[in-house]
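Good morning. Please have the sequence and the 3D view open while I talk.

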Amino acid sequence: MIRKNFYLGFLGFLGFFACRYFMTGEITSLAYLGGFGFFSFFGFFFLGKIQGDQADERYQEDRKTALAFIGHLSLFLFAAIWIIGLFMSNLEVTFILVVIAYVVLILAYAVKLYWLEER
């Protein structure tokens, strides 16, 4: 059974609370509650559009392919964050990069799985 939670995608709009950074100037407002992390909920819009309700062999294979893609992408992103962290003394910027990587990985998984299912 494929679990579809299309309406959880609307929680992604809470990510726009990160715009508080432009008023307060605090870089941590980009990542903590109400920050960029909520943008990952937009992935539910893609997962909710997948046709079918049963997890057949094709779905399982597409899921494995999407997870393999995300594995390679995560190694690349966290290596890049590590290298940037070596040259920057500001830990807040590194923290923001980790949150952005989290959002990118979840959204990339949802888009890749949707793309594989629709081909």
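I will go from the whole chain to single residues.

First, the ground rules. This is a predicted model, in which local features need pLDDT of at least 70, side-chain atom pairs count only at pLDDT 80 or more, and totals for chains, interfaces and linings use all residues. Residues are numbered from 1 along each chain as its sequence is written, and side-chain values use heavy atoms, with hydrogens and water left out.

Now the overall picture. The protein chain has four helices and zero strands, so reading along the sequence gives α-α-α-α. Helices here are DSSP runs of H or I with at least four residues, strands are runs of E with at least two, and numbering starts from the N terminus.

The chain has 119 residues, and 32% of them are buried. Buried means under 20% relative accessible area, exposed means over 50%, and partly exposed is in between, with a 1.4 Å probe and protein chains only. The accessible surface of the protein chain is about 7,900 Å², and carbon and sulfur atoms account for 69% of that. Such areas come from the Shrake-Rupley method with a 1.4 Å probe; for residues, only the protein chains shown count as cover.

Next, contacts, meaning heavy atoms within 4.5 Å. Take those between residues at least 6 apart in sequence: 79% of them join residues at least 24 apart. Leu113 is in helix α4 and is buried, at 1% relative accessibility.

Now the salt bridges. A salt bridge is a side-chain nitrogen of Lys or Arg within 4 Å of a carboxyl oxygen of Asp or Glu. How many salt bridges does this rule give? The count is two. One joins the side chains of Arg58 and Asp62, at 4.0 Å from N to O. These two residues are four apart in helix α3, so about one helical turn separates them. The other joins Arg119 to Asp62, with the closest N and O atoms 3.5 Å apart. That pair links distant parts of the chain: Arg119 is in the segment after α4 (91-118), Asp62 is in helix α3, and they are 57 residues apart. Together, Arg58, Asp62 and Arg119 form a network of salt bridges.

Is Asp62 buried or exposed? Asp62 counts as buried because its relative accessibility is 3%. Arg58 is partly exposed at 42%, and Arg119 is exposed at 61%.

On to the surface. Trp82, Ile83, Ile84, Leu86, Phe87 and Met88 make a nonpolar patch with about 670 Å² of accessible area together. Patches take residues with over 30% relative accessible area and no salt bridge; like charges are joined within 9 Å, and nonpolar side chains (Val, Leu, Ile, Met, Phe, Trp, Tyr) within 5 Å.

Last, the rings. Lys112 lies over the face of Phe69, 4.8 Å from the ring centre. The rule for a charge over a ring is NZ of Lys or CZ of Arg within 6 Å of the ring centre and within 35 degrees of the ring normal.

Finally, Phe16 is in the segment before α1 (21-24) and is partly exposed, at 47%.
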